[in-house]
Amino acid sequence: MLAKQLLFISSLLPLIQAQETVLGVYIFHRHGDRTSKSTPPTSLTDLGYQQVWQSGNFYRNRYVDANSSPIFGLATDIVKTSQLSVEAPVDAVLQNSAAGFLQGLYPPVGATLGTQSLANGSSVAAPLNGFQLIPVNAVASASSGANSENSEWLQGQSGCNKAIVSSNNYFFSQEYLNKLNATAGFYSNILPVVQGIFTSATDSFKNAYTVFDYVNVALIHNSSIPSSDLLTEETIFQLRTLADDHEFNLAYNASEPIRAIAGSTLAAQIVQQLNNTIVGKSKVPVGIQFGAYASFLSFFGLTQLPAVSENFTAVVDYASSMTFELVTNATVTNTSYPSVEDISVRFLFSNGSAAANPLTTYPLFGQSETTLPWTTFVSEMNKFAIGDQDTWCTQCGNTDGLCATTATTSSSPSATPSSSSTSSGGMSKAVAGVIGAMVTLAVVLGFEALVLLVGGFRLVNKKRLAAVPVEAASPVAKA
């Protein structure tokens, strides 16, 4: 009898040992529903507020709530702001979206937890039923530019000279000119719908995204639309498809990787945050950034996700999010933290608020596995990530502003190549060598300088993104 019990227990050991622990996450999130870019300034709508709050609540249930499998060491009820790194550019839509998301992630705690006793014996309750105040750091980077939601030009906030030139090259391509001419009649037919905002000269494929954006916002919010009978399902489908094609081509080009500067700088931010989590043994396990949709598309292109599904060439829906989970199957306690060899990264994506759309795993970098060893993840990201000021200035060809020092140094007879740059324009060596080592203060300061330097993309989709499991990644009809 004892032998059978021992045999049964031994059969359970692999299951016990295989228990996964989430050490930290990085979430990149798009804003919720907003007003049209054609009628600035844009603002977050009540619908958009609800979308990001619901998304925050979803992530609370997944990573924070004590009844789930929370991130190792993460506070479950009363927030410890030191455990979160939350960023959004100086943009009303993105800042407010981040704030709304955090309200769902750490909701009001009620009168009991939200009350403090004072030295004089009295008690004080936090306002709004224990509403929790969580700071959102205001930053500007190539993945999230200041006022990006008011910019109608995809590269308008990137600040990267070569990226701007690269995107402009698209307007001289035969592919663009052919589509511009082929769709002239289509856009002319819908002019009565958008007249007053667009003219016969501006209502064209050249402004495919802003035309679609204006119509899309009207369809969501307006009870009546001029000449609405022209907006058939087929017409709306075509507007969306053309906008997708237009914006993806502005955001990413395989032969001109600098065009995807937003994705390159975002890649460095992701690795740096996850590395900080490892180095600090999950002291700051949660990184969250709200940014423009162009960053999604350029990152999708750089990580070869369109090869997984054509849907990854589409503009993501409002409140979409992509998540990078830092996981381990090793034992994790307050006195025992896994080595980098035992840590892996998993990529997940939700098209639209994760509360209503499945958060699905996908393989990155042309790999077949959806969970990659940390060392492999860093090595692959390092092929295109740009995480320090010198490399950014060199790759972008900028010589003014913060890049003036870099330009002067590089032109000096005694100057030597930056140790942080590579032939592929990768991230700094400090970031490339993050595995198990402390990122130096110099790199952190250099990256922060970059964060203040560059501005964000804005994009459109090509084929409407929908959550398609890896096992059945098939194109989704654009509607």
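Predicted model: local features only at pLDDT ≥ 70, side-chain atom pairs only at ≥ 80, totals over all residues.
## Aromatic pairs

A pair of aromatic rings is described by the distance of the centres and the angle of the planes.

Let us start with Y170 and F171, whose rings are 6.0 Å apart from centre to centre. Their planes make an angle of 55 degrees, and the pair is classed as tilted. Both residues, Y170 and F171, are buried.

## A pair across the chain

Now turn to F296 and F349. Their ring centres are 6.4 Å apart and the planes meet at 65 degrees; planes over 60 degrees apart count as edge-to-face, so that is the label for this pair.

Are F296 and F349 buried or exposed? F296 has a relative accessibility of 0% and therefore counts as buried. F349 is buried as well, with a relative accessible area of 0%.

## One face of helix α14

Helix α14 spans residues 374-381, and its buried residues are W374, F377, V378, E380 and M381. Why do these buried residues line one face of the helix? Looking down the axis of α14, you will find them within an arc of 165 degrees, so they lie along one face.

Methods: Residues numbered from 1 in each chain as written. Heavy atoms only, no water. Phe/Tyr/Trp six-rings, centres within 6.5 Å; stacked < 30°, edge-to-face > 60°. Buried < 20%, exposed > 50% of the residue type's maximum accessible area, 1.4 Å probe, protein only. Helix = DSSP H or I, 4+ residues; strand = E, 2+ residues; numbered from the N terminus. Arc of directions from axis to C-beta.
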